[in-house]
Amino acid sequence: MDSWAWAVRMFKTRSLATAACRAGHVKVNGERAKSAQPVHIGDEVRVRSSGFDRVLVVSKIVNKRVGALVAAECFVDKTPPPPPREEVALVPMRDRGAGRPTKRERRDIDKLRATERQGPEDWPEND
């Protein structure tokens with residue numbers, strides 16, 4: 001399992017693939033996979049990385065690391081699309097070490113925070 005996951009470029013090194021198998025981040029057909037477990041054509045492999053699962057169906061067995069184009073032919077990616085990101089309002093940030101804001105900067109920050117609480121229809125025309 002670990003050599004196939006490394007060969008199709010799911011992991012950067014084989015030791016990372018082995019560690020992921022040991023940690024339970026790799027499942028084959030719904031069950032935790034050991035690093036020495038053989039992989040067969042048609043197996044569903046779930047790899048947990050970066051907080052979400054990648055779902056792959058094995059279409060070709062390779063033992064040696066191959067190029068990206070050949071690796072893409074070795075599996076069918078059935079991963080569902082990620083949920084849409086929610087738009088988050090930008091929070092005003094000051095540079096680290098800039099010190100306390102001046103009175104003018106403080107007024108500007110308060111004005112910006114007030115407009116965030118209000119809707120666009122409440123924004124002042126000219127200030």
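Predicted model: local features only at pLDDT ≥ 70, side-chain atom pairs only at ≥ 80, totals over all residues.

Biologist: What is the order of the elements from the N terminus on?

Modeller: The elements run α-α-β-β-β-β-α-β-α, with four helices and five strands in the protein.

Biologist: Let's take a helix. Which residues of helix H2 are buried?

Modeller: In H2, which spans residues 14–23, the buried residues are Ala17, Thr18, Ala20 and Cys21.

Biologist: What puts them on the same side of H2?

Modeller: They cover an arc of only 160° around the axis, so they lie on the same side of H2. An α-helix has 3.6 residues a turn, so residues three or four places apart point the same way. On the other side of H2, Ser15 and Arg22 are exposed. The buried residues of H2 pack against helix H1 (2–7), strand E1 (26–28) and E2. Just after H2, Gly24 has a positive phi of about 85°.

Biologist: On to the strands. How do you know that E3 and E4 pair?

Modeller: Two strands pair if there are at least two bridges between them. Strand E3 (residues 44–49) and strand E4 (residues 52–58) are joined by six bridges, so they qualify, and they run antiparallel. Within this pair, Val47 stands opposite Arg54 in E4. The hairpin of E3 and E4 has two residues between the strands, and Ser50 takes a positive phi near 55° there.

Biologist: What makes E4 and E5 a pair?

Modeller: The rule asks for at least two bridges, and E4 and strand E5 (residues 75–77) have three, in the antiparallel sense, so they pair. Leu56, for example, has Asp77 in E5 as its bridge partner.

Biologist: And which strand does E1 pair with?

Modeller: E1 pairs with E3, in the antiparallel sense, over three bridges. Here the bridge partner of Val26 is Val47 in E3.

Biologist: Where is Asp43, and why is it said to have no salt bridge?

Modeller: Asp43 is in the loop between strand E2 (31–32) and E3. A salt bridge needs a side-chain nitrogen of Lys or Arg within 4 Å of a carboxyl oxygen. The nearest side chain of opposite charge, Arg46, is 13 Å away, so the buried Asp43 has no salt bridge.

Biologist: What makes the link between Asp43 and Asn29 a polar contact?

Modeller: The cut-off is 3.5 Å, and the side chains of Asp43 and Asn29 are joined at 3.2 Å, so the pair counts.

Biologist: Which residues is Asp43 in contact with, leaving aside its neighbours within four places in sequence?

Modeller: Those are Val28, Asn29, Pro38, Leu56, Val57 and Val58.

Notes:
Residues numbered from 1 in each chain as written. Heavy atoms only, no water. Buried < 20%, exposed > 50% of the residue type's maximum accessible area, 1.4 Å probe, protein only. Lys, Arg positive; Asp, Glu negative; His and termini not counted. Polar contact = N/O pair within 3.5 Å; in protein donor to acceptor, adjacent residues only side chain to side chain. Contact = heavy atoms within 4.5 Å. Arc of directions from axis to C-beta.
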